[in-house]
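Hello,

I am passing a structure on to you, and you will find the sequence and the model just below. After that come some notes on what turned up, written for someone opening the file for the first time.

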Amino acid sequence: MSTNTIETREFIIVGQERGASYCLWDVAPAPTDPTKRATVLEEIGVDAMDAMGSVHTEHATSAREAVDRLVNELREQAGIGSYGLDADSQLDNYEADAPAPAASEPEPFGLAHTLSATRDSGYQIHASSLPGLPCFNVDGLPVRSPNETRDRVRAGVTNSDLDWPTANVLVRLTPIGEGGSSVGTSGLDLAIACSVLAAAGQLPADCLAGAAMVGELGLDGAVRVPYDLTTTVSRIAADGTTAILVPRAAVDDAATAGVRAIGVDNLNEALAVLTGHWHHPDGCAHCTPDGDAAPHQPCTPAPNGQCPACDANAASF
């Protein structure tokens, strides 16, 4: 005699208790990775609380069974025999009752770096995504700036429909030359966000080669003009950078510094510029060898300057 075992797993249920009924907003399997589970529950909990809702978890064989168990528990607590799902409930996932998805791929980890600047200093920006408890730290900013920077960058990434890495993320800022003040540090946001995404594997790290970025991130992912952008761009141009991503509204001002200014309206546009290598000049020796499109390879300079391939194509730069 044989028996079939049906696997039970945890489901996250989000909704609102309405006295005599429960309004279901969503139900989905919880991540099996403990770290990701904790992060997801924290983020969903904040959103649900803001909307006057709540988050519950139930172990069951399906989304429907998990919701039914929760409703039964709430019915007993309310003492109302007619207690059930509210007519406004979102039932797509409840009725679909699809099998639980397979475990997600391991979190990618890596390193990335790029360039940015404030009014007073150029900066090398190094980002790392490492195994460990999820956290996000930025070293090298003035005392009052890190918290604001972290909030803007993380919100800008997540509100651009991009995945924030569930990893130990560290960004280290190193001034080029003399250290600068706290004036205009919001202009480092775009470079920090792109370097974090590259370190986390959501953007090939070599896409950052050959460009610098100056722009403040809005909470919605928009790229805004930071304080004294023209002086900031002049500062980073003095370090030899020839292409700079800036807010689209400031392209003309940035171009007065003698660099090729590429305007972007938001974080997703910046990623498109980088992954498409549009920040490289026409005829880039590494993107278009012999006129054929090919995956980008960063320039590896010779001891006295550009690599031979770039020297050979200098006229097209």
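**What is in the model**

The protein has nine helices and 13 strands in its secondary structure. Please keep in mind that this is a predicted model. The chain runs to 317 residues, and 40% of them count as buried. Among the contacts with a separation of 6 or more, 67% are between residues 24 or more positions apart.

**Strands to start with**

Next, have a look at helix H4 (residues 146–158) and helix H5 (residues 189–199). In general, a pair of packed helices is described by the angle between the two axes and by the distance between them. For H4 and H5, the axes come within 10 Å and cross at roughly 60°. With that angle lying between the 35 degrees under which axes count as roughly parallel and the 65 degrees where roughly perpendicular begins, H4 is therefore oblique to H5. The crossing of H4 and H5 is right-handed.

Which residues of H4 and H5 meet? From H4 they are Thr149, Arg152, Val153 and Val157, and from H5 they are Asp189, Ile192, Ala193 and Leu197. Sorted by class, the contact of H4 with H5 has five nonpolar residues, two charged and one polar.

**A closer look at H5**

How many of the residues of H5 are buried? The count is 11 of 11, so H5 is mostly covered, with buried meaning under 20% relative accessible area. The buried residues of H5 include Asp189, Ile192, Ala193 and Leu197, which also meet H4. Cys194, Ser195 and Val196 are among the other buried residues in H5. Just after H5 comes Gly201, with a positive phi of about 85°.

I hope this helps you find your way around. Happy exploring!

Best wishes

Note on methods: Residues numbered from 1 in each chain as written. Predicted model: local features only at pLDDT ≥ 70, side-chain atom pairs only at ≥ 80, totals over all residues. Heavy atoms only, no water. Axes fitted to C-alpha atoms, helices over the stretch in contact; angles between N-to-C directions. Helix = DSSP H or I, 4+ residues; strand = E, 2+ residues; numbered from the N terminus. Parallel < 35°, antiparallel > 145°, perpendicular 65-115°, else oblique. Left-handed = near helix turned anticlockwise from the far one by under 90°. Contact = heavy atoms within 4.5 Å. Nonpolar A, V, L, I, M, F, W, Y, C, P; charged D, E, K, R; others polar. Buried < 20%, exposed > 50% of the residue type's maximum accessible area, 1.4 Å probe, protein only.
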